[in-house]
Amino acid sequence: MPDVGDSEVLVRIAACGVCTMEANLYAGRMPVYPSAAGHEIAGWVERVGEKAAGLEDMPEVGSLVTIDGLPRCGTCRSCRAGQSAICVALQGNVREDGAITMGEGLADYIKVHASRVWSVGDTDPAVAAMGEPLACVVHSLRRGGFRAGDRVTVIGAGYMGHLHLAVTKQLQARSVAVVEQDEQRLAAIAAAGADTAVAPGDIGQLPQADVVFVTIASRESIALALAAVADGGRIVLYGGSDGPPAELPGYEVHRRQLTVTGSFSHEPEDWRAAAELLRGGALNGRLETLVTARYALDEVEKALKQAAETPVYRVVVTP
Ligand SMILES: [Zn+2]
Ligand SMILES: [Zn+2]
């Protein structure tokens, strides 16, 4: 049981999503050991440190919160420039027990700085644990200069494609189209409310997009984004890719006045918006359909194995 300092909060973990990072740690593709993993966390507040208790907007004992597991140093060049998503110190502190901190959410309890817990009201903890990926998506929208009324195209109908669809719809996109190769995933995202869902070969049918969100930045999907975006539009490379590097057609970017930008992680203001989306509840029914499986904490290996080896939206561990 962690000791809680004056400005910290103790949370009893209710749910922790298994993301690509945990799947990669488990599969040995990201050899950071021993690590205390699990960064998509929701839980109930058990104790609030003295200095934090009673502050406006501070969650009270018993309330369900979604947790920002990333420490930000506040002093590196990125933090000082207001871009803490790319802080140099995001992960990887070594705890007293020797474990490297990579979220620490696959556990019964966690202590976090009080600035990193966000109330979400009364909802399914597995949905509340989607606060972190939602904050990433809010960040992605911000990086892409998304505004109400925009025509949006999302490349990829995986978990992150679904979240981009859900959030842009909620924030009044004029239309949201999705491009996806896999037929099952295409049908699933059409059923989830995409205005148009097409295979890559049919991309010419889509309205030209003000902003394109690329959820896997492969060579192919960047080419698709260039075909989908309107003149003057924005392309956000949300997902990474370790495939062969894409070519950026300099003349086309210049002549069409395109903006190509990356989006990584999240910042506190993204959490504020993500927590509010969860608290409002409008998305929660849809988010619940993205829970592929739930496992108890003592079945965590099954959860990691499923996420590492099979196509899933979200596998959630619920202690
Ligand atoms: Zn994640
Ligand atoms: Zn920093």
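In which loop is the place of Pro-34? I found Pro-34 in the loop between helix H1 (20–27) and strand S2 (35–37). For the labels, helices (H or I, at least four residues) and strands (E, at least two) are DSSP runs, numbered from the N terminus.

Ground rules before going on. I am reading a predicted model, where local features need pLDDT of at least 70, side-chain atom pairs count only at pLDDT 80 or more, and totals for chains, interfaces and linings use all residues. Residues are numbered from 1 along each chain as its sequence is written, while chains are lettered from A and ligands numbered from 1 in the order in which they are written.

I looked up Pro-34 for its peptide bond: the one joining Tyr-33 and Pro-34 is cis, with omega at about -10°. Most residues other than glycine have a negative phi, and most peptide bonds are trans.

Next I checked phi. Asp-57 is not a glycine, yet its phi is positive at about 70°. I place Asp-57 in the loop between S3 and S4. My cut-offs: a residue is buried if 20 or more other C-beta atoms lie within 10 Å of its own, exposed if 12 or fewer, and partly exposed in between, with C-beta atoms placed from the backbone.

Gln-257 also has a positive phi, about 50°, without being a glycine. Gln-257 is in the loop between helix H8 (250–255) and S13, and with 9 other C-beta atoms within 10 Å I call Gln-257 exposed.

**Entry: Arg-72**

I then went to Arg-72, in the loop between strand S4 (64–67) and helix H2 (77–80). Buried or exposed, given the C-beta atoms within 10 Å of Arg-72? Arg-72 is buried, because 22 other C-beta atoms lie within 10 Å. Leaving out residues up to four places away in sequence, Arg-72 touches Cys-79, Ser-84 and Cys-87. I count two residues as in contact if their C-beta atoms, placed from the backbone, lie within 7 Å. Arg-72 and Asp-97 are 25 residues apart in sequence and 22 Å apart in space, C-alpha to C-alpha.

**Entry: S1 and its partners**

Strand S1 (residues 8–18) is mostly covered, with 9 of its 11 residues buried. I followed S1 to strand S3 (residues 40–48), an antiparallel pairing over 8 bridges, where Val-9 stands opposite Val-48. S1 also runs antiparallel to strand S6 (residues 109–113), with 5 bridges; there Leu-10 has Lys-111 as its bridge partner. Another antiparallel link, of 3 bridges, goes from S1 to strand S15 (residues 314–317), and Val-18 is bridged to Val-315.

**Entry: the parallel sheet**

I traced an open sheet of 6 strands in the order S10-S9-S8-S11-S12-S13, with parallel pairing. Strand S10 (196–198) and strand S13 (259–262) are at the edges with a single partner strand each, so one side of each has no neighbour in the sheet. On average, neighbouring strands are turned by 15° against each other, direction ignored. Axes are lines fitted to C-alpha atoms, for helices over the stretch in contact, and angles run from 0 to 180 degrees between N-to-C directions.

How many residues of S8 are buried? In strand S8 (residues 151–155), 5 of the 5 are. I checked both faces: Arg-151, Thr-153 and Ile-155 are buried on one side, Val-152 and Val-154 on the other. S8 runs parallel to strand S9 (residues 175–179), joined by 5 bridges, and Arg-151 faces Ser-175 across that pair. Parallel pairing of S8 with strand S11 (residues 209–214) takes 4 bridges, and Val-152 is opposite Val-211.

S11 in turn is joined to strand S12 (residues 229–237) by 5 parallel bridges, with Leu-237 the bridge partner of Val-214. Helix H7 (residues 219–228) packs on the sheet, touching S8, S9, S11 and S12, and its direction makes about 170° with that of S11.

**Entry: domains**

Last, I noted the division into domain 1 (8–132 + 266–317) and domain 2 (145–262); such bounds come from an automatic or database domain assignment. I have their C-alpha centres 27 Å apart. Domain 1 puts 8 residues into the contact and domain 2 puts in 6.

Conventions: Two strands pair if DSSP finds at least two bridges between them.
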